[in-house]
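Dear colleague,

Please find below the structure that I am handing over to you, followed by an account of what was found in it.

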Amino acid sequence: METIIQRPNGQVASSGSQKSFTTNSPPSATATATATSTRLSTEVVGQLRQLLAGGSKISIEHVDQRRFRTGSWTSSGQIQASSEREAIAAIEKHLGEYPGEYVRLIGVDPKAKRRVLETIIQRP
């Protein structure tokens with residue numbers, strides 16, 4: 001599921017575009033998940049916990065405002081973490097590396113080899 005969680009200039013989106021992926025039990029996302037500076041919201045942390053508990057692989061993608069309109073995302077690679085705390089720290093580090101850009105969290109089911117979650121966690 002992909003959700004726009006905040007509009008440019010700090011405006012929170014009242015409804016977002018969402019992409020749903022068909023799986024047995026996909027994690028859910030709503031239009032209220034945000035990153036405050038480089039800190040993840042409790043909702044994003046909850047989604048991350050679900051992904052890690054389900055054995056999903058986690059990765060980050062980023063894009064500037066111009067490329068956001070065309071959907072040309074750049075992968076930052078897979079998050080290698082042995083614990084939830086390490087995964088959160090790695091994601092928050094990525095948020096700090098891409099200020100002024102859109103950043104989205106990707107969850108991939110390694111067995112089905114398909115995305116189970118796409119959610120934008122930072123907006124310029």
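A residue is called buried when its relative accessible area is under 20%, exposed when this is over 50%, and partly exposed in between, using a 1.4 Å probe and protein chains only. By that rule, 42% of the 124 residues of the protein chain count as buried.

Please note that this is a predicted model, in which local features need pLDDT of at least 70 and side-chain atom pairs count only at pLDDT 80 or more, while totals for chains, interfaces and linings use all residues. Residues are numbered from 1 along each chain as its sequence is written, and side-chain values use heavy atoms, with hydrogens and water left out.

Overall layout

The protein chain has three helices and six strands. Read from the N terminus, their order is β-β-α-β-α-β-α-β-β. Contact here means heavy atoms within 4.5 Å. Among contacts between residues at least 6 apart in sequence, 55% join residues at least 24 apart.

The sheet

In general, the strands of a sheet pair through backbone hydrogen bonds, either parallel or antiparallel. Seven bridges join β3 and β5 in the antiparallel sense, and S59 stands opposite I106 in β5.

The nonpolar cores

A nonpolar core is a set of buried Ala, Val, Leu, Ile, Met, Phe, Trp, Tyr and Cys residues joined through side-chain atoms within 4.5 Å. The largest one has 18 residues, of which L40, I58, I60, I91, L105 and I121 touch the most other members. At least two residues of this core come from each of α1 (42-53), β3 (57-63), α3 (84-97), β5 (102-109) and β6 (114-122). Another core, of five residues, lies apart from it and includes V63, F68, W73 and Y102.

The aromatic residues

Rings of Phe, Tyr and Trp (its six-membered ring) pair if their centres lie within 6.5 Å; planes under 30 degrees apart count as stacked, over 60 as edge-to-face and the rest as tilted. The count by this rule is two aromatic pairs. The pair of F68 and W73 is edge-to-face, because the ring centres are 6.0 Å apart and the planes stand at 80 degrees. Both F68 and W73 are buried. F68 also pairs with Y102, and since their ring centres are 3.8 Å apart and their planes at 10 degrees, this pair is stacked. F68 belongs to helix α2 (residues 65-70) and Y102 to strand β5, so that the pair links distant parts of the chain, 34 residues apart. Y102 counts as buried, at 4% relative accessibility. F68, W73 and Y102 form one aromatic cluster.

The salt bridges

A salt bridge is a side-chain nitrogen of Lys or Arg within 4 Å of a carboxyl oxygen of Asp or Glu. Seven salt bridges are found in the whole structure. In one of them, the side chains of E84 and R49 meet at 2.5 Å, N to O. As E84 lies in helix α3 and R49 in helix α1, this pair ties together parts that are 35 residues apart in sequence. E84 is partly exposed, with a relative accessible area of 30%, and R49 is partly exposed at 43%.

A further salt bridge joins E61 and R115, whose closest N and O atoms are 2.8 Å apart. E61 is in strand β3 and R115 in strand β6, 54 residues apart. E61 counts as buried at 9% relative accessibility, whereas R115 is partly exposed at 27%. A network of salt bridges links E61, R104, R115 and E118.

With kind regards

Notes. Helices (H or I, at least four residues) and strands (E, at least two) are DSSP runs, numbered from the N terminus. Two strands pair if DSSP finds at least two bridges between them.
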